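Biologist: I would like to learn how to read this fold, one feature at a time. Please give the general idea, then the case at hand.
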Amino acid sequence: MIPAAFEYVRAHSIDEAIAHLQQHGGDARVLAGGQSLIPAMRFRLARPAVLVDINSVRDLSYLRASDGVLEIGATSRDSDVERAGWIGDRRWSLIHDVSRVVADPVVRQMGTVVGSLCHNDPSGDWTTAALASRAEVVVRGKAGARTVPIDEFLVDSFTTAVGEGEMAVAARFPKPDDRTAGSYQKIERKVGDFATAAAAVQISLNADGTVRAAGIALSAAGPCALRVDEAERLLVGREPRDETIRAAADAASRRSAPQADLRGGVDYKKHLAGVLVARGLRQALARLGARA
Ligand SMILES: Cc1cc2nc3c(=O)[nH]c(=O)nc-3n(C[C@H](O)[C@H](O)[C@H](O)COP(=O)(O)OP(=O)(O)OC[C@H]3O[C@@H](n4cnc5c(N)ncnc54)[C@H](O)[C@@H]3O)c2cc1C
């Protein structure tokens, strides 16, 4: 289908983009990679009156590691992350895994990490990884910038903390230390499909081998990417033995609240949530040279 008529404006600076968004309020939408917005407009699921294209804002395309944080600018593509030199470093294994399984290589050439967070699809991959990593999103409006923790940023399906007249300018992922590794486990029917079920895991160990911190989140397990805080609590302070991993996986399976669809039934998806959390934890531990 052809989208409903809309006005198109190209912003050349963040201030210019915000001025357009302020002027048009709820009628305007940011256009980043267009990989979700344009299909939604073609299906008439979205009918913005004005598109504010941010792709010519030069200072939004960057991957910057500083102050213990990896900052990803709003027009950085999934493929930029996938090809970054540091991405093979074990500490970034969760981000690395995700950057290789979001959609397909063609979509990743255009789709942005920040756009994925702003789109907040219940089956999205970056939202789930951002939860497990305890990422933040930097949101700019007329009054300046605010940094929103990802748990507050993801409000509900396709809804975030970005208000009218605002845009997200960057995602910030805390830099993991040497004793941290992660894993992203995704079951998809074929390459390029959204997850039937997926789990993001990030785990940090103390020098004595006990778990210092854990991040566990699920995709396609409810209206929004889902943090499994019970599983995180079960791990912290304990040695990551097999029984602890199984308890965390069971907690994930119980907490998962998927919908039946053409990708599978509820019981199947709940079962997968547990299997993928256990698999992710074991892979993260193996990457740390630790054994369950
Ligand atoms: C064939 C196909 C398969 C896909 N498979 C997957 C998959 O397996 N997993 C997955 O996670 N995703 C998948 N996607 C979605 C893809 O990853 C999108 O690129 C992503 O969800 C949105 O990023 P974008 O930059 O294209 O955003 P856009 O499409 O440009 O925007 C999406 C929404 O976010 C808003 N937005 C974007 N950037 C900003 C910003 N800076 N500030 C405020 N609002 C903003 C837009 O206004 C819009 O409402 C798939 C898409 C396609 C076409």
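Modeller: Start with pairing: two strands pair if DSSP finds at least two bridges between them. Helices (H or I, at least four residues) and strands (E, at least two) are DSSP runs, numbered from the N terminus. Strand 12 (residues 197-205) and strand 13 (residues 211-219) run antiparallel, joined by eight bridges.

Biologist: What should I know about the model and its numbering?

Modeller: This is a predicted model: local features need pLDDT of at least 70, side-chain atom pairs count only at pLDDT 80 or more, and totals for chains, interfaces and linings use all residues. Residues are numbered from 1 along each chain as its sequence is written.

Biologist: In what order do the four strands of the open sheet stand?

Modeller: The order is 11-12-13-14, with antiparallel pairing. Strand 11 (180-187) and strand 14 (226-227) are the edges; each has a single partner strand, so one side of each lacks a neighbour in the sheet.

Biologist: Which strands of this sheet does helix 7 touch?

Modeller: First, two terms. Residues are in contact if their C-beta atoms, placed from the backbone, lie within 7 Å. Axes are lines fitted to C-alpha atoms, for helices over the stretch in contact, and angles run from 0 to 180 degrees between N-to-C directions. Helix 7 packs on the sheet and touches strand 11, strand 12, strand 13 and strand 14. Its direction makes about 160 degrees with that of strand 13. Helix 11 (residues 266-287) lies across strand 11, strand 12 and strand 13, at about 35 degrees to strand 12.

Biologist: Is helix 7 covered or open?

Modeller: Count neighbours. A residue is buried if 20 or more other C-beta atoms lie within 10 Å of its own, exposed if 12 or fewer, and partly exposed in between; C-beta atoms are placed from the backbone. Helix 7 (residues 126-133) is mostly covered, with eight of its eight residues buried. Among them are W126, L131 and S133. R134 follows the helix with a positive phi, near 55 degrees.

Biologist: Why does strand 7 lie largely in the open?

Modeller: Strand 7 (residues 144-149) has six residues and the number buried is zero, so it lies largely in the open. Strand 6 (residues 136-141) pairs with strand 7 in the antiparallel sense over six bridges. The two form a hairpin with two residues between them. G141 has G144 as its bridge partner.

Biologist: What is the strand order in the parallel sheet?

Modeller: Three strands make this open sheet, in the order 1-3-2. Strand 1 (7-10) and strand 2 are the edge strands, each pairing on one side only. The twist averages 25 degrees from one strand to the next. Four bridges join strand 1 to strand 3 (residues 50-53), and V9 has V52 as bridge partner. Helix 1 (residues 14-24) packs on this sheet, at about 165 degrees to strand 3.

Biologist: Why does the ligand shell lie between two domains?

Modeller: Domain bounds come from an automatic or database domain assignment. Here they give domain 1 (7-53), domain 2 (58-174) and domain 3 (180-286). Domain 1 and domain 2 both give residues to the shell around the ligand, so it lies between them.

Biologist: How many residues surround the ligand?

Modeller: A residue is near a molecule if its C-beta atom, placed from the backbone, lies within 6 Å of it. The ligand has 30 residues around it, the closest being G33, Q35, A103, G111 and G115. Helix 6 gives the most to the shell, with five residues.

Technical notes: Two residues are in contact if their C-beta atoms, placed from the backbone, lie within 7 Å.
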